[in-house]
Amino acid sequence: MKIEKAEVFVTCPDRNYVILKITTESGLVGIGDATLNGREIAVSAYLENHICPQLIGKDAKNIEDIWQLLYRGAYWRRGPVTMTAIAAVDVALWDIKGKAANMPIFDLLGGSSRDGLLVYGHATGKSIDQLIDEYHKHKEMGYRALRVQASIPGIERSYGVSKDKSSTYEPATKGAIPEEENWSTEKYLSYAPKIFDAIRNKFGFDDHLLHDAHHRLTPLEAAQLGKSVEDFKLFWLEDPTPAENQESFRMIRQHTTTPIAVGEIFNSIWDCKTLIEEQLVDYIRATVCHAGGITHLRRIADFASLYQIKMGAHGPSDISPAGMAAGLHLGMWIPNFGIQEFMGYSEKMLSVFNVNWTFEDGYLHPGFKPGLGVDFIEDEAAKYLISRSFTNSSLNRRDSLELVSWV
Ligand code: CS2
Ligand code: MG
């Protein structure tokens, strides 16, 4: 199973994706998602210049050994670009192994721990009324868990709400330079409980309700928010504060029983070591795509399971359908699985990625095709040229009324 070719593709079917394709001498093909929102070209250059040449001639069967070689052999360990590139190789090799064994990846990992993965979608609104409509539409689609975000009166642009007329939030901005936004923590903290109150009043407590603070609060503010929304029984409050200083989550924990989720920007087990060991959070949101692939995320999941912490992977549209499928396979196996984010994909996106998963009654299943179960359609991908875009900022400028700090 010697590797003969490793190629990188960049495409933009509505949004940018980077895909690595590995081919063995015997003609088996594996794909891996190398998309890092707003930094796509950095990862594709890293793969093309530094990783692909090193893969040629290696035995595709030895996934762990190749992982260690790329991680330790680079000398410059960790970081989002490196770990996204390693993840793409890792997933492509699992795809090949699955095809060689004629098994879906979840079977190779140890088999299913469940019949399907509970997923949560996004309901967003420029007003609470619009949010209620969107929530209703998502319930009709079958979702049993929804993340709710709404515009905060007095703040020009609120995280998680689309900039144009569309009701779908897109986490990237196409254009020449990233945009900066104004922000007021004071307004957010006083309005957020009203959003959950309106949803619970209208729809009751049967569905799982989630919310993303997108790193904008200090630990004390996060503790205040968590406490003020306890009655609404959130499934989780996500990224209440930046996690570079893992110890800062102690403050939140001491003050609220609202469950906390964190980790969509983590790329290594070291990013969450203290959070896990001290049980400072309830869900880890790291993904296969950005945290070193199935091989590394499996280690994080196992470590978290020792402390009764569950996994709740990131799954916005900036994770390609190939990356989503990798997360689904791992999620089928993970004993301490919690939930998977799933925003869904446009028709154009799905014309480039032929997927095999099914969505029913709020649950996703990766399907039973050998390997990843996703075909990358190169001719279609070639139609859409990559366009410069940026991750939407999580650094908001203070407005003149701001009383507290920005992140
Ligand atoms: C978000 C993302 O899905 C989420 O929870 O936080 O929209 C995030 O902003 C993007 O993935 C950034 O690339
Ligand atoms: Mg998030």
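A: To begin with a helix pair, H10 and H11 cross in a right-handed way. Keep in mind that this is a predicted model.

Q: Which residues make the contact there?
A: On the H10 side they are Ile 294, Leu 297, Arg 298 and Asp 302. H11 brings in Ala 326, Leu 330 and Trp 333.

Q: And how many of those are nonpolar, polar or charged?
A: The contact of H10 with H11 has five nonpolar residues and two charged ones, with no polar residue.

Q: Within what distance do the axes come, and at what angle do they cross?
A: The axes come within 11 Å, and the crossing angle is roughly 35°. H10 covers residues 293-305 and H11 covers residues 321-333.

Q: OK, changing topic to ligand 1. Which residues come nearest?
A: There are 15 residues around ligand 1, and the nearest are Asn 37, Tyr 159, His 214, Glu 264 and Glu 341.

Q: What about Asn 37, how many Å from an oxygen atom of the ligand is its polar side-chain atom?
A: That atom of Asn 37 is 2.8 Å from an oxygen atom of ligand 1. Tyr 159 also places a polar side-chain atom 3.1 Å from a ligand oxygen. For His 314, the distance from a polar side-chain atom to an oxygen of ligand 1 is 3.0 Å.

Q: How much of the ligand's accessible area does the protein cover?
A: On its own, ligand 1 has 330 Å² of accessible area, and the protein covers 94% of that.

Methods:
Residues numbered from 1 in each chain as written. Chains lettered and ligands numbered in written order. Predicted model: local features only at pLDDT ≥ 70, side-chain atom pairs only at ≥ 80, totals over all residues. Heavy atoms only, no water. Axes fitted to C-alpha atoms, helices over the stretch in contact; angles between N-to-C directions. Helix = DSSP H or I, 4+ residues; strand = E, 2+ residues; numbered from the N terminus. Left-handed = near helix turned anticlockwise from the far one by under 90°. Contact = heavy atoms within 4.5 Å. Nonpolar A, V, L, I, M, F, W, Y, C, P; charged D, E, K, R; others polar. Near = heavy atom within 4 Å. Polar contact = N/O pair within 3.5 Å; in protein donor to acceptor, adjacent residues only side chain to side chain. Areas by Shrake-Rupley, 256 points an atom, 1.4 Å probe, with all protein chains shown as cover.
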